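Work through the exercises below with the model open. Try each task before reading its solution.

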Amino acid sequence: MITGTIKNKVDKIWEDIWAGGITNPLTVIEQLTYLMFIRSLDEKELETEDLETITGEKMDKIFPQSPTGQAMRWSKFKNNDPRSIYEVVSQRVFPAIKNMKYGRLPDFTQQGEMIEIEEDPQKATGKDSAFARYMSDATFMIPTPQLLQKIITGLDDLYEHDIANLDMQGDLYEYMLGKLSTAGQNGQFRTPRHIIKMMVELLQPTPDDTICDPACGTAGFLVESAEFIRLHHESTMTDEQWGHFRGPMLTGFDTDRTMLRLSAMNLMLHSITYPEIDYKDSVSKQNQIRNQYTICLANPPFKGSIDVESINDDLKAVTNTKKTELLFLALFLRILKIGGQCACIVPDGVLFGSSKAHKAIRKELVENHQLRAVISMPSGVFKPYAGVSTAVLVFTKTGAGGTDNVWFYDMKADGFSLDDKRSEISENDIPDIIERFHHLDKETSRQRTEQSFFVPKQEIADNDYDLSINKYKKVEYVPVEYPPTAEIMADLHKLEMEITAGLAELEEML
């Protein structure tokens, strides 16, 4: 979470940019993100150089090894004269990142002409990175050398003194996206990282999985999946699995090119150079993908506007609606392979909505596939962006049923206060949720009065496939014993006498 000193420093950078004449919040975010990316490239290069020194092996470099190439590194130009910084960034660095290929930046001649990157035949991929595709229409818009120097100095101070050695890139995105007036309406804000991490740990992806987020935003689910795989499988992965990891393992779609640029940058910074990041309206006729992925992780838009005519007919066949939260559930079922898993966030209305479309998608999950878990989350999880109550659905595509019992969990705390401040607190149900989910055999004896319990499929069917936890949870009422009426009356008389005596005493004093 971005709070305190870090928040103040980000706000100061933001205010400097506004004062410099850039007032569109989305433009501010784009320009800041480009600079954050430029700095991160130099950080990765420094790590590579350190590793080279330790191992003695030559490694692939991002920056050209010429004087002009090395001058493009953040650590080389950040302390220069403002005009020199501006010239290097606007004339060399920014054009270079727009033309980045095969994980490398192009070099420049002394006259400033760009030198085309030659593809290494041993690492031929036949395509540019997702980042290169979505940087083609990017524009450097910082107007003056003085403003650029202020931003660079501010970012450098932030990274060096406040978030050094901490993976807070995503949190910076989240905080900046929170400044968009449209956040929460267009879906342009990140799912909190701890919720993303919980969902990834519920599904536990492996190096052989193909993972999709069809509403990827800044690629939080994809990045966290990659980090989980690297953490748990790095030492045993084969060359073939590493090739899969760097590219086709991860797929994301979005309808906002800015989000696609952000997600491509985010993935590249996590060593995923060739992910399938595409501009696509996932629930439209444009998307014909089916039976392709083993894992879906998503927080699809709840209020997305959609052209009814463009909705894919096979999604409407499952749930005839224009509500994006229902259409995305049908989409997950279509794009998953048989045996594929999904963990997705839905608004509470999906769980108990009474329309035919709501009931149809719930029935589809329960009767034709394996609905495994419904994790009810408190309404403050998405504050300050939205106060809507949500739940996480976990299911497996089978096409042949398989739901016997559905596991319900009533999350009451996620490690942060449930107000707009979202301050860190000690109460946190997430570790318990993960532990219990992976040991469901121990849950069979749990009572409906407890925080988690099973509900039989038939009971859910008898309740119109209602999936709200309150439908099944039992509240344990503890009887309160009151004293006899005569005793209460005696106490009241005693109080009355004390009040009368007190009033008499006051009158005597007058």
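**Exercise 1: Aromatic rings**

Tyr-34, Tyr-86, Phe-94 and Phe-140 make up one aromatic cluster. The model is predicted, so local features need pLDDT of at least 70 and side-chain atom pairs pLDDT 80 or more, while totals for chains, interfaces and linings use all residues. Residues are numbered from 1 along each chain as its sequence is written, and side-chain values use heavy atoms, without hydrogens or water.

Task: find how many aromatic pairs the whole structure holds, then classify the pair of Trp-407 and Phe-437.

Solution.
- Step 1. Apply the ring criterion: rings of Phe, Tyr and Trp (its six-membered ring) pair if their centres lie within 6.5 Å; planes under 30 degrees apart are stacked, over 60 edge-to-face, and the rest tilted.
- Step 2. The search of the whole structure gives 10 aromatic pairs.
- Step 3. The ring centres of Trp-407 and Phe-437 are 6.1 Å apart and the planes stand at 55°, so this pair is tilted.
- Step 4. Trp-407 belongs to strand β10 (residues 405-410) and Phe-437 to helix α17 (residues 430-437), so the pair ties together parts 30 residues apart in sequence. Helices (H or I, at least four residues) and strands (E, at least two) are DSSP runs, numbered from the N terminus.
- Step 5. Check burial: buried means under 20% relative accessible area, exposed over 50%, partly exposed in between (1.4 Å probe, protein chains only). Trp-407 is buried at 0%, and Phe-437 is buried at 4%.

**Exercise 2: Positive phi**

Task: locate Asn-291 and Asp-464, and state whether each is buried, partly exposed or exposed.

Solution.
- Step 1. Asn-291 has phi near 50°, a positive value in a residue other than glycine. Asn-291 sits in the loop between β5 (276-279) and β6 (293-298).
- Step 2. With a relative accessible area of 44%, Asn-291 is partly exposed.
- Step 3. Asp-464 is not a glycine either, yet has a positive phi of about 55°. Its loop runs between α18 (457-462) and α19 (485-509).
- Step 4. Asp-464 is partly exposed, at 43%.

**Exercise 3: The largest core**

Task: which residues of the largest nonpolar core touch the most other members?

Solution.
- Step 1. Define the core: buried Ala, Val, Leu, Ile, Met, Phe, Trp, Tyr and Cys residues joined through side-chain atoms within 4.5 Å.
- Step 2. The largest core has 48 residues, and Leu-32, Leu-35, Phe-77, Ile-151 and Leu-155 touch the most other members.
- Step 3. Helix α2 gives the most to this core, with 9 residues.
- Step 4. Take Leu-155. Leaving out residues up to four places away in sequence, Leu-155 contacts (heavy atoms within 4.5 Å) Ile-13, Leu-32, Leu-35, Met-36 and Trp-74.

**Exercise 4: Strand β4**

Task: describe the cover and the partners of β4 (residues 250-254).

Solution.
- Step 1. Of its 5 residues, 5 are buried.
- Step 2. Leu-250, Gly-252 and Asp-254 point one way, Thr-251 and Phe-253 the other. In a regular strand the side chains alternate between the two faces of the sheet.
- Step 3. Strands pair if DSSP finds at least two bridges between them. β3 (residues 211-213) pairs with β4 in the parallel sense over 3 bridges, and Ile-211 is bridged to Leu-250.
- Step 4. β4 and β5 run parallel, joined by 4 bridges. Asp-254 has Tyr-279 in β5 as its bridge partner.
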